[in-house]
Amino acid sequence: MPEERQEHHITCIECPVGCSLLAVRKPEGITVTGNRCKRGESYAVQELENPTRVLTTTVWVENGVHPLLPVRSARPLPRHLVPEGVRLLAGIRMSAPVRVGETVCGNIAGSGVAVIATRSMEALHG
Ligand code: SF4
């Protein structure tokens, strides 16, 4: 029976060096090469076991000096929940004024992660 072995090429984003990592999943565990430090190994293992991403998008804002407000998740959330999070945020309407860091959604897509405004938005009137 052939050995079960999966190779994954990953670019580490933990620092600007951007090491090219090779993570190999074998029955006995995951091995990582190409990393210059331990953070790269942790990153690669997480990418295989439980990949996460920071969600960034915009939401509609009423009575603002601009129609769209940039937002992001307060911390990374499971990658598979990001598309649903973006879809849900497309249906949210904030009302200006909005302050940077203000919560737009307290628990996006059931992830337990909040989404916050990344800039303030002045009101157009009043
Ligand atoms: S492995 Fe270490 S040195 Fe390389 S990109 Fe990741 S954090 Fe930076």
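Which residue of β10 stands opposite Arg 72? Ile 116 in β10 faces Arg 72. This is a predicted model: local features need pLDDT of at least 70, side-chain atom pairs count only at pLDDT 80 or more, and totals for chains, interfaces and linings use all residues. Residues are numbered from 1 along each chain as its sequence is written. The protein is divided into domain 1 (6-49) and domain 2 (56-117), with bounds from an automatic or database domain assignment.

**Domains**
- The C-alpha centres of domain 1 and domain 2 are 30 Å apart.
- Leu 48 and Ala 90 are separated by 42 residues in sequence and by 29 Å in space, C-alpha to C-alpha.

**Ligand shell**
- Cys 12, Glu 14, Cys 15, Val 17, Gly 18, Cys 19, Asn 35, Arg 36, Cys 37, Arg 39 and Gly 40 surround the ligand; a residue is near a molecule if its C-beta atom, placed from the backbone, lies within 6 Å of it.
- By class, this shell has 5 nonpolar, 3 polar and 3 charged residues.
- Ala, Val, Leu, Ile, Met, Phe, Trp, Tyr, Cys and Pro count as nonpolar, Asp, Glu, Lys and Arg as charged, and the others, Gly among them, as polar.

**Nonpolar cores**
- The largest nonpolar core has 16 residues; such a core is a set of buried Ala, Val, Leu, Ile, Met, Phe, Trp, Tyr and Cys residues joined through C-beta atoms within 7 Å.
- β5 (56-62), β6 (68-73), α2 (82-89) and β10 (115-117) each supply at least two residues of this core.
- A second, separate core has 7 residues, including Cys 12, Leu 21, Ala 23 and Ala 44.
- In the largest core, the residues with the most contacts inside it are Val 59, Leu 69, Val 71, Ile 108 and Val 115.
- Beyond four places in sequence, Val 115 is in contact with Leu 55, Val 71, Arg 72, Ser 73, Leu 89, Val 104, Cys 105 and Ile 108; contact means C-beta atoms, placed from the backbone, within 7 Å.

- Helices (H or I, at least four residues) and strands (E, at least two) are DSSP runs, numbered from the N terminus.
- β5 and β6 run antiparallel, joined by 5 bridges; strands pair if DSSP finds at least two bridges between them.
- Val 59 stands opposite Leu 69 in β6.
- The β5 and β6 hairpin has 5 residues between the strands, and Asn 63 takes a positive phi near 65° there.
- β6 and β10 also run antiparallel, with 3 bridges.

**Val 61 in β5**
- Val 61 lies in strand β5.
- Why does Val 61 count as buried? Val 61 has 24 other C-beta atoms within 10 Å; buried means 20 or more, exposed 12 or fewer, and partly exposed in between, with C-beta atoms placed from the backbone.

- Leu 48 sits in helix α1 (residues 38-49).
- Leu 48 counts as partly exposed because 16 C-beta neighbours lie inside 10 Å.
- Not counting residues up to four places away, Leu 48 touches His 8, Ala 23, Arg 25 and Ile 30.
- Arg 25 has Ile 30 in β3 as its bridge partner.
- β2 (residues 20-26) and β3 (residues 29-33) pair antiparallel over 5 bridges.
- The hairpin of β2 and β3 has 2 residues between the strands.

How values were computed. Two residues are in contact if their C-beta atoms, placed from the backbone, lie within 7 Å.
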